[in-house]
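Dear colleague,

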Amino acid sequence: MRKTYGTGSVWEQSLGYSRAVQVDNTLYISATAASGPDGIVGDDFYSQSKYILEKLGAVLADAGFSYEDVVQSKLYLTDISKWEDAGRAHGEVFGGIRPTLTLVHVLPFLDPQMLVEIELVAQKSAN
């Protein structure tokens, strides 16, 4: 089974991607930024990470998954020296779940106000 999920973003159509793709019991979620209806939400690594994780929680729920199903997380940061700020927001959500984690230092994103993107993989136990 393969199912795609979208958020209605113009980027999904123009770039030809899905916010998330479910294959059987695994959900792959595209890297997500702190973009809201009025632009980028938050002006620091902590607040953007927190907002992104809330957005990803909604994507997970839409597909019938939860934070507890997340097995892999990747944080893309434009300033690696701010890893602790982004990590604090990540730890507030995943401290008890403890998925694998990758921190990646990247060049600026398309919008220079974007400081963080987060990508997740979630998997439900096969019953």
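**Helix crossing and strand pairing**

Helix α2 passes helix α3 in a right-handed crossing, that is, with the near helix turned clockwise from the far one by less than a right angle. The model is predicted, so local features need pLDDT of at least 70 and side-chain atom pairs count only at pLDDT 80 or more, whereas totals for chains, interfaces and linings use all residues. Residues are numbered from 1 along each chain as its sequence is written, and side-chain values use heavy atoms, with hydrogens and water left out.

The axes of α2 (residues 45-62) and α3 (residues 83-94) come within 7 Å and cross at roughly 30°; axes are lines fitted to C-alpha atoms over the stretch in contact, with angles from 0 to 180 degrees between N-to-C directions. The contact (heavy atoms within 4.5 Å) involves F45, Y46, S49, K50 and L53 of α2, and D85, A86, R88, A89, H90, E92, V93 and F94 of α3.

Helices (H or I, at least four residues) and strands (E, at least two) are DSSP runs, numbered from the N terminus; strands pair if DSSP finds at least two bridges between them. Strand β2 (residues 20-23) runs antiparallel to β1 (residues 2-5), joined by four bridges, and R2 stands opposite V23. Four bridges also join β2 to the antiparallel β3 (residues 26-32), where V23 has T26 as its bridge partner. Two residues lie between the strands of this hairpin, and D24 takes a positive phi near 55°. Finally, β3 is joined by five bridges to the antiparallel β8 (residues 116-123), in which A122 partners L27.
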